[in-house]
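Please consider the structure shown here.

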Amino acid sequence: MPWLAIPLEDERKAYLKKKFKIRGIPSLVAIGPDGKTVNTDAKTSLAVHGADAFPFTSERIQELEKKIDEMAKGWPEKVKHELHEHELVLVRRPRPYGCDGCEEMGTSWSYNCAECDFDLHAKCALGEEKKGEEVNGQEHAAAPAGYVCEGDVCRKA
């Protein structure tokens, strides 16, 4: 992680826990170099964007959100998939979800059945991308070892 963190056994932990009303672990509050609070829920930003969310400012998160929105351009709004009986609708996910196809965690976009709470990664719903294949008119490379890629956004697995 590219940011400084306070160790769990640090004596300042009790004060910070009270100040930020921390109720559970893990929690992540981002404090800027000027000592002002940048983000009280940096854990969610980290879960969705990985270390790219650093420094957790609203400007950085908006920049990453814009990239995610661009990623889905050209994808169909609805698909029918052999793993599910109902039509699946492309939805923007504000929090991580479990893919019912590959059973791995996903972020950003999913093809979802609201009636059944069924989700598929875009790559699972639209078909596995193979190295050098074209998907939606763009060539995609296989994910590097230890990474999971959704569109042009990759995060460490």
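The points below describe a predicted model, grouped by topic.

**Strand pairing**
- Strand β4 (residues 88-98) runs antiparallel to strand β3 (residues 78-79), and 2 bridges join them.
- V79 has L88 of β4 as its bridge partner.
- β4 also runs antiparallel to strand β5 (residues 105-113), to which 7 bridges join it; V89 is the bridge partner of N112 in β5.
- A hairpin is formed by β4 and β5, with 6 residues between them. In its turn, E103 has a positive phi of about 65°.

**Nonpolar cores**
- The largest nonpolar core contains 18 residues, of which W75, L88, L90, W109, Y111 and L120 touch the most other members.
- At least two residues of this core come from each of α3 (58-71), β4, β5, β6 (118-120) and α4 (122-126).
- A second, separate core has 7 residues, including W3, A42, A53 and F56.

**Aromatic cluster**
- The structure holds 3 aromatic pairs. In one of them, the ring centres of W3 and F56 are 5.2 Å apart and the planes stand at 70°, so the pair is edge-to-face.
- W3 lies in the segment before α1 (13-19) and F56 in the loop between α2 (42-49) and α3, so this pair ties together parts that are 53 residues apart in sequence.
- F54 and F56 also form an edge-to-face pair, at 6.2 Å centre to centre and 90° between the planes.
- W3, F54 and F56 form one aromatic cluster. F56 is buried, with a relative accessible area of 3%, whereas F54 is partly exposed at 35%.

**Charges over rings**
- K19 lies over the face of F20, at 5.7 Å from the ring centre.
- R92 lies over the face of W109, at 5.8 Å from the ring centre.

Conventions: Residues are numbered from 1 along each chain as its sequence is written. This is a predicted model: local features need pLDDT of at least 70, side-chain atom pairs count only at pLDDT 80 or more; totals for chains, interfaces and linings use all residues. Side-chain values use heavy atoms; hydrogens and water are left out. Two strands pair if DSSP finds at least two bridges between them. Helices (H or I, at least four residues) and strands (E, at least two) are DSSP runs, numbered from the N terminus. A nonpolar core is a set of buried Ala, Val, Leu, Ile, Met, Phe, Trp, Tyr and Cys residues joined through side-chain atoms within 4.5 Å. Buried means under 20% relative accessible area, exposed over 50%, partly exposed in between (1.4 Å probe, protein chains only). Rings of Phe, Tyr and Trp (its six-membered ring) pair if their centres lie within 6.5 Å; planes under 30 degrees apart count as stacked, over 60 as edge-to-face and the rest as tilted. A charge sits over a ring if NZ of Lys or CZ of Arg is within 6 Å of the ring centre and within 35 degrees of the ring normal.
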